[in-house]
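Q: Hi! Could you walk me through this one before I set anything up?
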Amino acid sequence: MQCSKCGNPKVIYKREQSGQILCKECFIESIEKKVIKTIKKEKLLDKGDKVLVALSGGKDSVTTLEILNSFRKRHIIDICAVTVDEGIANYRQAGVDIATRHAERLGIEHKVVSLKEDYGITLDEIMQRENHKGSCTYCGVFRRTIINKAAREMGATKIATGHNLDDEVQAIMMNYLEGNTDNLTKLGAKTESKADEFTVKIKPLREIPEREIGLYVVAKELEVHFDSCPYAMQSFRGEISDVMNQLAEKHPTIKYSTLRGYEKIKKILKDEMQKDYAHGRCKRCGEPSSNELCKACSFLEELGL
Amino acid sequence: MSFLLKYKQIEEEREIPDENYTIKDLLDEMELSPQTMVSKQNGELVIEDTVIEDGDEIQLVQIIYGG
């Protein structure tokens with residue numbers, strides 16, 4: 001057995017969807033080229049951008065940082081990073097430390113923002129309350145708000161997240177199966193909001209399968225936090241993920257075809273289904289909101305904070 | 001005929017049951033999905049079809065976690 005590209009007999013990966021067999025060097029190069037292709041095709045970066053990487057220290061965000069850094073080295077963009085410390089004992093600190101070390105290694109501006117400092121409560125403390133709405137609900141909303149605020153404070157023009165092919169396909173299938181056409185119109189490689197205060201979000205890893213990102217960080221010997229969030233549970237997303245992975249065993253291209261199919265109907269979906277939100281301000285924090293209170297503040301009020 | 005298995009906290013000598021015993025066979029035996037793991041043979045990344053040899057050090061790294 002030898003590498004389909006260079007003939008090296010030391011192969012590390014069999015790409016089921018294309019039949020390619022790759023050695024370490026050709027595998028790493030293939031991932032980096034694919035991400036750069038997505039960035040160009042979807043016009044994710046503009047010269048002079050300051051990109052804020054949402055850096056958890058996990059494999060997806062570290063890969064995003066690593067590949068975007070090649071644009072920084074060529075002086076096309078500048079990069080900064082933010083890490084959100086949700087306050088999850090025996091889990092988050094390891095990721096925060098790894099994120100900090102990557103930022104130091106690359107010499108980029110990095111900020112760690114904790115839920116405790118910003119909102120006066122940790123996720124662990126929220127989960128001890130009775131009638132909480134589930135960890136992921138709070139975590140998602142607070143994290144999004146913190147990252148948006150950090151982008152404005154750090155003068156970022158784009159926010160890059162580590163969403164991979166599996167994440168995107170799960171989102172497409174979940175929203176479709178739940179009949180959530182509104183959310184279905186919002187997916188994509190680049191999401192822009194009409195409110196100026198919301199920085200444009202980009203997903204450079206959107207066409208890379210999760211497993212290939214895991215292999216990429218191991219092959220490149222990048223330090224990452226491989227661990228499971230203690231609050232991870234069998235969610236609907238998890239069920240969709242299991243179904244898609246099961247289908248992919250017999251149909252290796254199915255995740256790509258799901259994404260392509262969505263891309264084909266996306267414009268029609270947007271034209272027909274996209275809601276035009278009234279853009280007001282949250283009366284409590286002043287962040288853009290279509291309601292009197294933004295989601296984060298409505299949770300804070302419910303929590304008596 | 002044996003190999004050293006390293007996986008999370010596990011570090012143990014295991015017998016090689018037959019001469020064409022692959023990393024895929026080991027993963028199946030341990031009920032681990034190849035989709036969530038990468039494997040190293042004597043410190044170098046390899047594919048799951050790799051046959052385990054006498055004296056090998058096989059390290060398994062979980063790269064995908066739920067949630």
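A: Happy to. One term to begin with: two residues are in contact if their C-beta atoms, placed from the backbone, lie within 7 Å. The model is predicted, so local features need pLDDT of at least 70 and side-chain atom pairs count only at pLDDT 80 or more, while totals for chains, interfaces and linings use all residues. Residues are numbered from 1 along each chain as its sequence is written, and chains are lettered from A and ligands numbered from 1 in the order in which they are written.

Q: Thanks! Which residues is A:Glu197 in contact with, leaving aside its neighbours within four places in sequence?
A: Those are A:Arg152, A:Glu287 and A:Pro288.

Q: And where is A:Glu197 found?
A: In the loop between β7 (190-191) and β8 (200-202) of chain A. Helices (H or I, at least four residues) and strands (E, at least two) are DSSP runs, numbered from the N terminus. A:Glu197 counts as partly exposed because it has 14 C-beta neighbours inside 10 Å; a residue is buried if 20 or more other C-beta atoms lie within 10 Å of its own, exposed if 12 or fewer, and partly exposed in between, with C-beta atoms placed from the backbone.

Q: New topic: which residues of α12 in chain A are buried?
A: In that helix (residues 295-302), the buried ones are A:Ala296, A:Cys297 and A:Phe299. They cover an arc of only 160° around the axis, so they sit on the same side of α12(A). That arc is the one made by the directions from the helix axis to the C-beta atoms.

Q: What about the other side of α12(A)?
A: There A:Glu301 and A:Glu302 are exposed. As for the buried residues, their cover includes α6 (135-153) of chain A. After α12(A) comes A:Gly304, with a positive phi near 75°.

Q: Which residues other than glycine have a positive phi?
A: A:Lys43 is one of them, with phi near 50°, and A:Glu221 is another, with phi near 55°. A:Lys43 has its place in the loop between α1 (24-41) and β3 (50-54) of chain A, and A:Glu221 lies in the loop between α9 (210-219) and α10 (236-250) of chain A.

Q: Are those two buried or exposed?
A: A:Lys43 is exposed, as 10 other C-beta atoms are within 10 Å. A:Glu221 is exposed too, with 6 other C-beta atoms within 10 Å.

Q: Which residues touch the most other members of the largest nonpolar core?
A: Of its 73 residues, A:Ile12, A:Leu52, A:Val53 and A:Ala81 do. Such a core is a set of buried Ala, Val, Leu, Ile, Met, Phe, Trp, Tyr and Cys residues joined through C-beta atoms within 7 Å. Beyond four places in sequence, the contacts of A:Ala81 include A:Leu65, A:Ala99 and A:Ile108.

Q: Over to chain B, then. How many helices and strands are there?
A: Chain B has one helix and five strands, in the order β-β-α-β-β-β along the sequence. Buried residues make up 18% of its 67 residues.

Q: How many residues does each chain give to the contact between A and B?
A: Chain B gives 13 residues and chain A gives 21. On the side of chain B that touches chain A, β4 (44-46) and β5 (57-62) of chain B are the elements giving two or more residues, and β4(B) gives the most, with three.
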